[in-house]
Amino acid sequence: MAESAAVPPGWNPRFHEDLVGLDPYDPEARAFAAHLDRMEHTGPTFTVEACLDQVGDFADSSNRLGGLRYWVSALIAVLIVFGVIVTAWDIVTHAIAFLRG
């Protein structure tokens, strides 16, 4: 039980497996361990939940960015939303034309 009290918050078991020798209290080492966890995260990509998780991962990574990369990712997100709106508008106008005529 004394071992569980010595475990720091945010502890990652990678410091015993992949990152042997790195300081587990170092913020950069913790960030690298979290990066390795994200890189090895696999799961089904053909479900709605998986697609939403991937969108969430994109949003989290773009929030960590700064400067030009942040604005480029924001522009990509805006262009995707704009494309969805234009496509929906096109479908609605064609459906209305089809129903009228």
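**Reading a helical chain**

Modeller: In this predicted model, F58, L68, V72, I76, I80 and V84 make a nonpolar surface patch of about 570 Å².

Colleague: Which helix gives the most to the nonpolar patch?

Modeller: Helix α5, residues 68–100, does, with five residues. An α-helix has 3.6 residues a turn, so residues three or four places apart point the same way. One of the patch residues is I80, and its place is in helix α5.

Colleague: Does I80 count as buried or exposed?

Modeller: The cut-off for exposed is over 50% relative accessible area. I80 counts as exposed because its relative accessibility is 53%.

Colleague: And S73, buried or exposed?

Modeller: S73 also has its place in helix α5. Buried means under 20% relative accessible area; S73 is at 9% relative accessibility and therefore counts as buried.

Colleague: With which residues is S73 in contact, leaving aside its neighbours within four places in sequence?

Modeller: S73 is then in contact with F58 and S62. F58 is also one of the residues that make the nonpolar patch.

Colleague: Let us turn to α3. What span should its 13 residues have?

Modeller: The expected span is 1.5 Å times one less than the number of residues. For helix α3, residues 27–39, that comes to 18 Å, and the end C-alpha atoms are 18 Å apart, so the two values agree.

Colleague: Which residues of α3 are buried?

Modeller: A29, A33 and L36 are the buried residues of α3. They are on the same side of α3, because they cover an arc of only 60° around the axis. P27 and E28, on the other side of α3, are exposed.

Colleague: How many helices and strands are there in the chain as a whole?

Modeller: The chain has five helices and zero strands, and from the N terminus on its elements run α-α-α-α-α.

Colleague: What share of the chain is buried, and what share of the contacts is between residues 24 or more positions apart?

Modeller: Of the 101 residues in the chain, 12% are buried. Among contacts with a separation of 6 or more, 9% are between residues 24 or more positions apart.

Colleague: What is the accessible surface of the chain?

Modeller: About 8500 Å², with 68% of that belonging to carbon and sulfur atoms.

Note on methods. Residues numbered from 1 in each chain as written. Predicted model: local features only at pLDDT ≥ 70, side-chain atom pairs only at ≥ 80, totals over all residues. Heavy atoms only, no water. Patch = residues over 30% accessible without salt bridge, like charges linked within 9 Å, V, L, I, M, F, W, Y side chains within 5 Å. Areas by Shrake-Rupley, 256 points an atom, 1.4 Å probe, with all protein chains shown as cover. Salt bridge = Lys/Arg side-chain N within 4 Å of Asp/Glu carboxyl O. Helix = DSSP H or I, 4+ residues; strand = E, 2+ residues; numbered from the N terminus. Buried < 20%, exposed > 50% of the residue type's maximum accessible area, 1.4 Å probe, protein only. Arc of directions from axis to C-beta. Contact = heavy atoms within 4.5 Å.
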